[in-house]
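Thank you all for coming. I would like to walk through the side-chain packing of one model, taking aromatic pairs, cores and charges in turn.

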Amino acid sequence: MFMKKSRRLQNLIENLREFKKSRLGMFGLLVLLVFTVIAAFDRSIAPYDPNPLNRVHPPFCAPSWASIFDREAFPTSQMVEDPAFQSDKNWVFFTTYENIKGVIHHSSNSSTYIISFVDNDVKYSSRAHYAFIETHFNWSYSRPPSDVEINFWVRCESSGDYMFGDYEVYVALAPSNYTREWFLAYLPKLIKENIVILPRDVTDFGILVGKLSSKEPHWRPVKLDLNLLPILAIFRFKEISLRFVLFIKEVKQSPMGTISIEIAQPKLIAYSYYFGILGTSDSGADVFSQLICGARISLLIGVISALISVAIGVFIGLFSGYYGGIVDEILMRIVDFLLIIPTLPLMMVLAAMLQKSIWSIIAVLAMFLWLGTARLIRSQVLTEKSKAYVEAAKIAGASDFYIIFRHILPNVLPTVFVQITTGISGAILSEAGLSFLNLGPAEVSWGRMLQWAFEHAALTRGAWWYVFPPGLCITLLSLSFIFIGYTIDRILNPRLRRR
């Protein structure tokens, strides 16, 4: 027994040495190890959440390193020079009504700007009133940003009776020389380009970015994302104003009271056309993070489904080849029947009927990938059972199960190993195909990435970084298993080794 184990260990060491001599085998093993490490530590490697709804930058932005080929490239930057209201010279206050005031309130942490309407028990006209503060910045680039995001904190309060009617807070962008006359002259062009504009009562303020209508006594963050709307045409002008407007729709006669809006930490971020290692997707998610996290799903489905299918094929091949007769006839006719059925359409039907989960796809793939393995193992068993060591075991009184699993199975293991490696490659490609047809698991995978890219016409938009990386990863991972399987087959198969 000790000599037998020692001989097996020696054979294993010899086979490993042979494997190290194969360039294809070592290349496949290296690629597999890289993807395994990525799949094991994907959440640590990925810089962002791979969820396609997790928008981290504007959609279809190219990788950052591609900006070296763009002479007009510009970085993502903060355009508001004084977000903490450190200097009142950087912010200008306007009003149409003498009982409106604007003050900067400094605190230990940050500053806020307060705009207040004050009622002194005077009869007012029913026309609307407004007040706004604004700051200016220069846009020194020849093209508008890919997206603009405006962030700030806001709080609305009122004291006394509700002396006013409805009130709203607007955030607007406008050229620094913006006037109502300019707006009326520019209006046809704005309408032609479908630019969103303020209602007629507030066209003095510029082009609408966002509107707040609810009364909120507590601080809350506000994020306004322009998201490639034609409103970005305002960046054709070099000097631009950012305005926060408190608009009172209707002033009524009422007792004394005040209504105010407090604004803190305003930011205007102009986004570039480049982001990250592999750019962004159609929804603005990070493609690199999706690519990293997709490795785990592809490897998990490929390995588990291949192991299950090979196990099924090995058991059926062993029993069919060893017992022969009616057992062999029944099992092989079942295999023949399943082989003549178009596999891909049937897998599509089953995947559509089942829930879109990892285990459903594994079950569908394992259901059909064992057929070739069963026939191949059967043919090997037919050869092995006619050899003398099987006859000797029968004469010695060994049971059928002992002969099958103790004598025949070890001799067909080289074929099993090859089938596992090639089966994993086939399972990875099958999962990618089903996911591309929107029949795969809901989790992020390489096939799902290709499906999203095709659905949103990534190639026609020039977003090659959304198509090429997942396709390349599928190819490399599949080739790695094929190369490993070919090398194992060459080492363990005496006829191939002699060649």
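Predicted model: local features only at pLDDT ≥ 70, side-chain atom pairs only at ≥ 80, totals over all residues.

Let me begin with Phe-319 and Tyr-323, which both lie in helix α5 (residues 287–323), four residues apart, or about one turn of the helix; helices here are DSSP runs of H or I with at least four residues, strands are runs of E with at least two, and both are numbered from the N terminus. Residues are numbered from 1 along each chain as its sequence is written, and side-chain values use heavy atoms, with hydrogens and water left out.

For aromatic pairs, the rings of Phe, Tyr and Trp (its six-membered ring) must have centres within 6.5 Å, and planes under 30 degrees apart count as stacked, over 60 as edge-to-face and the rest as tilted. The structure holds 23 aromatic pairs. One of them joins Phe-152 and Phe-244 edge-to-face, at 5.0 Å centre to centre and with 80 degrees between the planes, and this pair links distant parts of the chain, since Phe-152 is in strand β6 (residues 147–160) and Phe-244 in strand β10 (residues 239–248), 92 residues apart. Phe-152 is buried, with a relative accessible area of 1%, where buried means under 20%, exposed over 50% and partly exposed in between, using a 1.4 Å probe and protein chains only; Phe-244, at 1% relative accessibility, counts as buried. Returning to Phe-319 and Tyr-323, their ring centres are 6.0 Å apart and their planes are at 5 degrees, so the pair is stacked. Phe-319 counts as buried at 19% relative accessibility, whereas Tyr-323 is partly exposed at 35%.

Which residues touch the most other members of the largest nonpolar core? Among its 57 residues, they are Phe-35, Leu-318, Trp-446, Tyr-466 and Leu-477, a nonpolar core being a set of buried Ala, Val, Leu, Ile, Met, Phe, Trp, Tyr and Cys residues joined through side-chain atoms within 4.5 Å. Several elements give two or more residues to this core, including α2 (23–40), α5 and α13 (468–492), and the largest share, 13 residues, comes from α5. Leaving aside neighbours within four places in sequence, Leu-477 is in contact, meaning heavy atoms within 4.5 Å, with Leu-32, Phe-35, Leu-299, Ile-428 and Trp-446. Apart from this core lies another, of 35 residues, among them Trp-91, Trp-139, Val-169 and Leu-246.

Now to the charges. A salt bridge is a side-chain nitrogen of Lys or Arg within 4 Å of a carboxyl oxygen of Asp or Glu, and by this rule the count comes to 11. Asp-42 and Arg-296 meet in one of them at 2.9 Å, N to O, which links Asp-42 in helix α3 (residues 42–45) with Arg-296 in helix α5, 254 residues apart. Asp-42 is buried, with a relative accessible area of 5%, while Arg-296, at 30%, counts as partly exposed. Glu-262 and Arg-155 also form a salt bridge, again with 2.9 Å from N to O, and this one connects strand β11 (residues 257–271), where Glu-262 lies, to Arg-155 in strand β6, 107 residues apart. Finally, Glu-329, Arg-333, Asp-336 and Arg-375 are linked in a network of salt bridges.
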